[in-house]
Amino acid sequence: MAIHELAGKPAPESILTNIPRLVSKYYTLKPDAHDPAQAVSFGTSGHRGSSTNLSFNQNHIFAICQAIAEYRKGKEIHGPLYIGMDTHALSEAALQTAIRVFAANGVHVMVENGGGYTPTPVISHAIITYNSQNPESPADGIVITPSHNPPEDGGIKYNMTHGGPADSKTTKIIEDRANDMLKSGLKDVLKMDFEDSFEGPHIHDYDYITPYVEDLKNVIDMEAISKSGIKIGVDPLGGSGIKYWPAIAERYGLDLTIVNNHVDASFRFMHVDKDGKIRMDCSSPYAMAGLIKYKDQFDIAFGNDPDYDRHGIVTKTGLMNPNHYLAVAIWYLFQNRPQWSEELKIGKTLVSSSMIDRVAASIDREVSEVPVGFKWFVDGLFNGEYGFGGEESAGASFLKFDGKPWSTDKDGIIMNLLAAEILAKTGKSPSEHYAEFEKQFGSPVYERLDAPASPEQKAILSNLNANDIKSDTLAGEQIIAKLTHAPGNGAAIGGLKVVTENGWFAARPSGTENIYKIYTESFKGKEHLALIQKEAQELVSSLF
């Protein structure tokens, strides 16, 4: 797509969201559950939408939270519900709505002291920590966030007792029940006044920051970072971890500077993303322009999206490509965690770079390739099958030093601190290590494209069989794999992946737009990549 003229520039007043109007519509507009565009719909990261188009309003949250309360009761989940929100305007409103429902249902809810913000990985860490000590009465959680989406969006997702995102079976139960309640006018929803919620016995102020920060020493070599004296820069991008970095710096004696300490629901301090929208995407060089300009003032710098489940690593050469950093992180972790079992696997999504496979082979570790979505890593991280699980979209987590789970949701904080550990322990930045990988393994070119597809065509793509692919070659190379199911777990990928020795493409339909996404990579340069892209689109078109 063409780069917008505002990309990488400070957000002008003209594109800022009218926050009072946005919040007002959350309370006043009523969605029609019979309209699919206004119904509850759990995608790969929960239910998302905006109050302005009636896809994220108070009635949605009433229904979703009642459905979760009923689900918990049915599964005999009687421990506390850990709940957190990010800094989007609709997150604050949705948290208040959620508290009203859970209090009325007698659910014990843990809320950040003073109504503060809580990152996604902190909720996951809290659930895992509690359940390891109280297995007879397990806890679960909710994170209210649309991740890196624009300021007008809202989102809510459910994390199960394993600490990670709910699986598709669970979210379907919650989604269906919530939509039934929307259609019935919320007659089954229990709710009480917000003030009364806090006067009762079920809503508890909780310090999320201290236990998480204190436990970091068990997953990251914080002492090595401190002793190295490296200068660290941080841009919280106005997100939910804004108070975590000062606490981390103080606890571990880090030379850490926050270059942007603003929290503003309009995100007016952001630089505009490539499409002209305000989007807090820490993997985008356009959105991260405010931190990148400081790159020469620090030895390493990083940022996060609003709920802190994604990481953005800035070195002297600029913002690292997420695929590149995943490869370095894997290479380093599996050689510097001596207590980890030799049997631990590396979890990667099928659209992540094949550089990971080449690096894994060099350190004699098995790669488990799964469909898109972090939920596919949850069980492996929780039960000790995976040492690391990561996505090309800059989301990853890994085990503690002792091989026990840290977070079964993406954790941008530990991924950032790992970059500092790598620099402190090896004397080289992650980007310097990746440059060495390119000399050893080749230099891949990776790109994602979008192509038009009707709903009928998207359905065809979602339900392909490998035998439907008649081609034997791709871009001049023999095809060595035609995948419609992930080799790591046998799950349907909802699309197609075709692999050769030096390249591959994957095609998946969009869940929200009439397009399909084409992920491509070549180890033979841009011309070969262009040929892969051309033949990929021709191959997919022949299936329609």
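Let's start with strand 15 and strand 16. Strand 15 covers residues 386-391. It runs antiparallel to strand 16, and four bridges join the two. This is a predicted model, so keep that in mind throughout. Gly390 has Ala396 of strand 16 as its bridge partner.

Four strands make an open sheet, in the order 14-13-15-16. The pairing is mixed. Which strands sit at the edges? Strand 14, residues 367-370, and strand 16, residues 395-398. Each of these pairs on one side only. From one strand to the next, the twist averages 15 degrees.

Next, the helices on that sheet. Helix 11 is residues 322-333, and it packs on the sheet. It touches strand 13, at 345-349, along with strand 15 and strand 16. The direction of helix 11 makes about 170 degrees with that of strand 15. Then there is helix 13, residues 375-383. Helix 13 lies across strand 13, strand 14, strand 15 and strand 16. Its angle to strand 15 is about 165 degrees.

Stay with helix 11 for a moment. It also meets helix 15, residues 430-441. How do the two axes cross? At roughly 90 degrees, coming within 9 Å. Angles of 65 to 115 degrees count as roughly perpendicular, so helix 11 is roughly perpendicular to helix 15. Here are the residues. Helix 11 brings His324, Tyr325, Ala327, Val328 and Trp331. Helix 15 answers with Pro430, His433, Tyr434 and Phe437. By class, this contact has seven nonpolar residues, two polar and no charged.

On to another helix pair. Two packed helices are described by the angle between their axes and the distance between the axes. Helix 1, residues 19-28, packs with helix 3, residues 89-104. The angle is about 30 degrees, and the axes are 9 Å apart. The cut-off for roughly parallel is under 35 degrees, so helix 1 is roughly parallel to helix 3. What is the handedness of the crossing? Right-handed. From helix 1, the contact uses Ile19, Leu22, Val23, Tyr26 and Tyr27. From helix 3, it uses Ala89, Leu90, Ala93, Ala94, Gln96 and Thr97.

Five strands form an open sheet, in the order 17-23-22-21-20. The pairing here is antiparallel. The edge strands are strand 17, at 445-452, and strand 20, at 481-485. Each pairs on one side only. The twist averages 15 degrees from one strand to the next. Look at strand 17 and strand 23, residues 515-522. They pair in the antiparallel sense over eight bridges. In strand 23, Ile518 is the bridge partner of Leu449. Helix 17, residues 526-543, packs on the sheet. It touches strand 17, strand 21 at 492-499, strand 22 at 503-509, and strand 23. Its direction makes about 145 degrees with that of strand 23.

Last topic: charges. Side chains of opposite charge can pair when their charged atoms come close. How many salt bridges are there? The count comes to 30. One to look at is Glu223 with Lys227, at 2.8 Å, N to O. Both sit in helix 8, residues 222-228. They are four residues apart there, so about one helical turn separates them.

Terms used. Residues are numbered from 1 along each chain as its sequence is written. This is a predicted model: local features need pLDDT of at least 70, side-chain atom pairs count only at pLDDT 80 or more; totals for chains, interfaces and linings use all residues. Side-chain values use heavy atoms; hydrogens and water are left out. Two strands pair if DSSP finds at least two bridges between them. Axes are lines fitted to C-alpha atoms, for helices over the stretch in contact, and angles run from 0 to 180 degrees between N-to-C directions. Contact means heavy atoms within 4.5 Å. Angles under 35 degrees count as roughly parallel, over 145 as roughly antiparallel, 65 to 115 as roughly perpendicular and the rest as oblique. A crossing is left-handed if the near helix is turned anticlockwise from the far one by less than a right angle, and right-handed if clockwise. A salt bridge is a side-chain nitrogen of Lys or Arg within 4 Å of a carboxyl oxygen of Asp or Glu. Ala, Val, Leu, Ile, Met, Phe, Trp, Tyr, Cys and Pro count as nonpolar, Asp, Glu, Lys and Arg as charged, and the others, Gly among them, as polar.
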